[in-house]
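Good morning, colleagues. Please look at the sequence and the model on the screen while I go through its packing.

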Amino acid sequence: MSDRIKKQPPLLMFGDLTARANRTEARSLRREKYIMKRRRTWGTIRSATKAKHVIRWHETVDGERVRRCLTFHGTYREACRKLAQLEVEHGGETAKRMPTIGQAREAWWVPWNERRIASGKVKERSTKRSEEIWRLHVEPRWGGVSIAAVHPAEVQEWLLTLTPDIAKRALGILRKTVDFAVQYDYLQVNKFAYEYDRPIEGQFSRVGTVYRLDQAESMLDRLRGSSIEAAYILAAFGGTRTGESLGVKVEDVRPLRVGGVDFAAVELKRQMLKDGNEPTEDGDLKTKGSVRSTLVPEPYGARLLEIAEERRAMGHEFLSCKPTGQPINRSCANYRWRRDAGDDCIPFANLRNSWRTFCKVEWDIDWETLERLMGHELPGVSGKHYIRMSVDDMAKLYAKSYRKRLEENGPSAAEAA
């Protein structure tokens, strides 16, 4: 009978369970202390913690191979970038080794771009497109190519396989990356800086397509009652960017009368992005100078104020919104623009160009006022540090020229409508 009974494993006592738990915890601690190093062609990185890494490499000093070690504090990605810089400097038998374009980008372009983001010169989301173009189009072709092995004929052939926008951005990334190699005496000439033939722009191009004033007023009549009418007024008669025109709330618009001219004064604080249903946070525009107020003169400003009152009565927060009150993003606005404006419309982004053109040609508004209304920084020391115009100051300068236009031409076609 006893032979037929299977032997059972011995029961684990409480002490045995504790010992097993201790051994498991010890192994876990060892793994956390030194994360397994990844295989690399040059140098090693061992991570003690998420913010502490040990970098080891060899370099040649006076003909002898010397082992080096560096404790680096930062993220793992930053440690990889530091190792890439060290490889560029010490990775060969000579004093300097020719890096690949991918290594040069990691060593020089990426830190330079991060400094620009940290200083506020560019927005982080503005560089996402460059990162995507590098990953999809540039790195597969040029990432592993030495900076000294670039042939102009190959560059030209490659550029013609891209779309115009991608070709422009890709060449800009490569030029800046190899510019650093020239600056640090790795090369004498940057072959990406040569003049190359670019892909031909498509038919729907922003170049040279703007509305005259009479065309802009005619389009305003066509868009009467449209969900993007307010955005159109802000862009075509207030000089706002597409995302800025869509991010304006009812509370941002107020009437202003200066110098015999009625304006709608509009605060520009936020913008709608290409995707999504919510605007950016207040103050998050293209640049710091983009946070500003703009002016929409009569009769266009009067219609904008009417729309603001209509939205307020409906309980909606944004001037340009869906029937539910939800704001419209840029992709949706461009679709509605082509649908409501017709096939003969220009790109919505060109409304700002149109405004800038007829403000100068037909209304003769002074250059400095227009630059400030566009959110541009005036040139020179005075423009950068001293000139601080309020919206009332800009309205006074605007009204001087615009009042003459009202007196000479009388009510416009838009006002009569």
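A265 has L295 in β6 as its bridge partner. The two strands concerned are β5, residues 261–268, and β6, which pair in the antiparallel sense over six bridges; two strands count as paired if DSSP finds at least two bridges between them. Strands here are DSSP runs of E with at least two residues, helices are runs of H or I with at least four, and both are numbered from the N terminus.

Before I continue, the sources. This is a predicted model, in which local features need pLDDT of at least 70 and side-chain atom pairs count only at pLDDT 80 or more, while totals for chains, interfaces and linings use all residues. Residues are numbered from 1 along each chain as its sequence is written, and side-chain values use heavy atoms, with hydrogens and water left out.

The sheet is open and has three strands in the order β4-β5-β6, with antiparallel pairing. Its edge strands are β4 (253–258) and β6 (292–297), each of which pairs on one side only. On average, neighbouring strands are turned by 35° against each other, direction ignored. Helix α8, residues 229–238, packs on this sheet and touches β5 and β6; the direction of α8 makes about 90° with that of β6. Axes are lines fitted to C-alpha atoms, for helices over the stretch in contact, and angles run from 0 to 180 degrees between N-to-C directions.

Leaving aside neighbours within four places in sequence, R254 is in contact (heavy atoms within 4.5 Å) with F263, A264, A265, L305, V391 and D392. The C-alpha atoms of R254 and L305 are separated by 7.3 Å, although the two residues are 51 apart along the chain.

Next, the helix pairs. Two packed helices are described by the angle between their axes and the distance between the axes. α8 and helix α12, residues 350–361, pack at an angle of about 40°, with axes 6 Å apart. That makes α8 oblique to α12; angles under 35 degrees count as roughly parallel, over 145 as roughly antiparallel, 65 to 115 as roughly perpendicular and the rest as oblique. In α8, Y232, A235, A236, F237 and G238 meet L351, R352, W355 and F358 of α12. These residues divide into seven nonpolar, one polar and one charged. Ala, Val, Leu, Ile, Met, Phe, Trp, Tyr, Cys and Pro count as nonpolar, Asp, Glu, Lys and Arg as charged, and the others, Gly among them, as polar.

Helix α3 (101–119) and helix α6 (164–183) pack at about 90°, with axes 9 Å apart. α3 is therefore roughly perpendicular to α6. The contact involves I101, A104, R105, W108, W109 and W112 of α3 and I173, L174, K176, T177, F180 and A181 of α6; nine of these residues are nonpolar, one is polar and two are charged.

Finally, the whole protein. There are 16 helices and six strands, and 42% of the 417 residues count as buried. Among contacts between residues at least 6 apart in sequence, 63% join residues at least 24 apart.

Technical notes: Buried means under 20% relative accessible area, exposed over 50%, partly exposed in between (1.4 Å probe, protein chains only).
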